[in-house]
Amino acid sequence: MNLRAYAKINPGLDVTGTRADGYHEVRMIMQTVDLYDEISLEACGGGEIICSCSRDDLPCDDRNLAVRAASLLVKQFDISSGVKIRLNKNIPVAAGLAGGSSDAAAVLIGISRLFRLNLREGELARLAVQIGADVPYCLMGGTALAEGIGEILTPLPDLPECPIVIAKPAVSVSTGYVYQNLDLAKTEHPDIDGMQRAIGAGDLPGVTERLGNVLESVSEPAFPAIREVKKNLREHGASGVLMSGSGPTVFGIFPDCAAAECAADELRRSRSDLEIVSVTRPVKRSTVNDYHTGEQLDDRRQTQ
Ligand code: ATP
């Protein structure tokens, strides 16, 4: 079984408080983008979970979120068969793009299909949150508002089509470090309600003028490349720029594809400190869903 695990960006990210258990309360606008890891799953003998990965800096044991997702289902549903997981990573790691969470979500869906577990959406979401706060959103995909610790989801209408350039400086940002150093009293909070209204009205300029992420207040001073790449994208014609998640990936929304391609070329040419520069676009929830259910791939096979 072949699956796609899509990356996300956050056009809006607010932190509204800290819970007694140490988790932060968030209000985030989530958006799937057309950058994905490729995962293949196969039932095998031996009763073990065997993982291999295209990146040798990622562990293939229980520290890998894809393996953790598989173990959770195997234990919960007494699956006696083994599972082989092959991860082809295209999403940069520790980038603010939820690559690990997305891999976990795809594996949850893939294993439930492979072993015909017939899990309902709510059941999958309850398992997903045990792996990570972003995993329930990755099951859903598309445009959504995520609240609570990220697990309370409201689907929103699809973001209007637009070219997006994403660029990741080659530095690692620890999400824990960023949240620990966040001073909510000193940060400006983004207008998440206004952005939600703009998305509802299909008003892309209304979205770009409200782009905001409270975590920039920690990540930008710690990693100057974030501020520099935002400036570069703005200078090359982006209508709006922002850091995604806890960073360091930065994205810019562009008025047209030619401007986006031109900005990406310019970044690749002028900066050697970027791990990835990619022109992408928003992906609709229905497309994510088709890839999760296998319909998109089956359609392809039929036309081949
Ligand atoms: P978020 O936006 O949810 O904070 P992120 O993009 O910052 O996510 P990930 O790429 O998901 O971060 O990686 C975070 C950590 O998870 C890394 O330290 C990495 O070692 C670990 N990890 C475990 N499994 C995976 C996986 N399958 N893919 C990527 N990272 C993984």
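These legends cover close-up views of helix H1 and the two helices H2 and H3 that H1 packs against in a predicted model. Local features need pLDDT of at least 70 and side-chain atom pairs count only at pLDDT 80 or more, while totals for chains, interfaces and linings use all residues. Residues are numbered from 1 along each chain as its sequence is written, and side-chain values use heavy atoms, leaving out hydrogens and water.

**View 1. Packing of H1 on H2.** H1 spans residues 65-76 and H2 residues 99-114. Helices are DSSP runs of H or I, at least four residues, numbered from the N terminus. The axes lie 7 Å apart, at an angle of about 30 degrees. Axes are lines fitted to C-alpha atoms over the stretch in contact, and angles run from 0 to 180 degrees between N-to-C directions. H1 and H2 are therefore roughly parallel (angles under 35 degrees).

**View 2. Residues between H1 and H2.** From H1, Leu65, Ala66, Ala69, Ala70 and Leu73 take part. Their partners in H2 are Gly100, Ser101, Asp103, Ala104, Val107, Leu108, Ile111 and Ser112. Contact means heavy atoms within 4.5 Å. By class, this contact of H1 with H2 has nine nonpolar, three polar and one charged residues. Ala, Val, Leu, Ile, Met, Phe, Trp, Tyr, Cys and Pro count as nonpolar, Asp, Glu, Lys and Arg as charged, and the others, Gly among them, as polar.

**View 3. H1 against H3.** H3 covers residues 121-131. H1 and H3 pack at about 130 degrees, with axes 10 Å apart. Leu65, Arg68, Ala69, Leu72, Leu73 and Gln76 of H1 meet Leu127, Gln130 and Ile131 of H3. This contact of H1 with H3 has six nonpolar, two polar and one charged residues.

Conventions. Angles under 35 degrees count as roughly parallel, over 145 as roughly antiparallel, 65 to 115 as roughly perpendicular and the rest as oblique.
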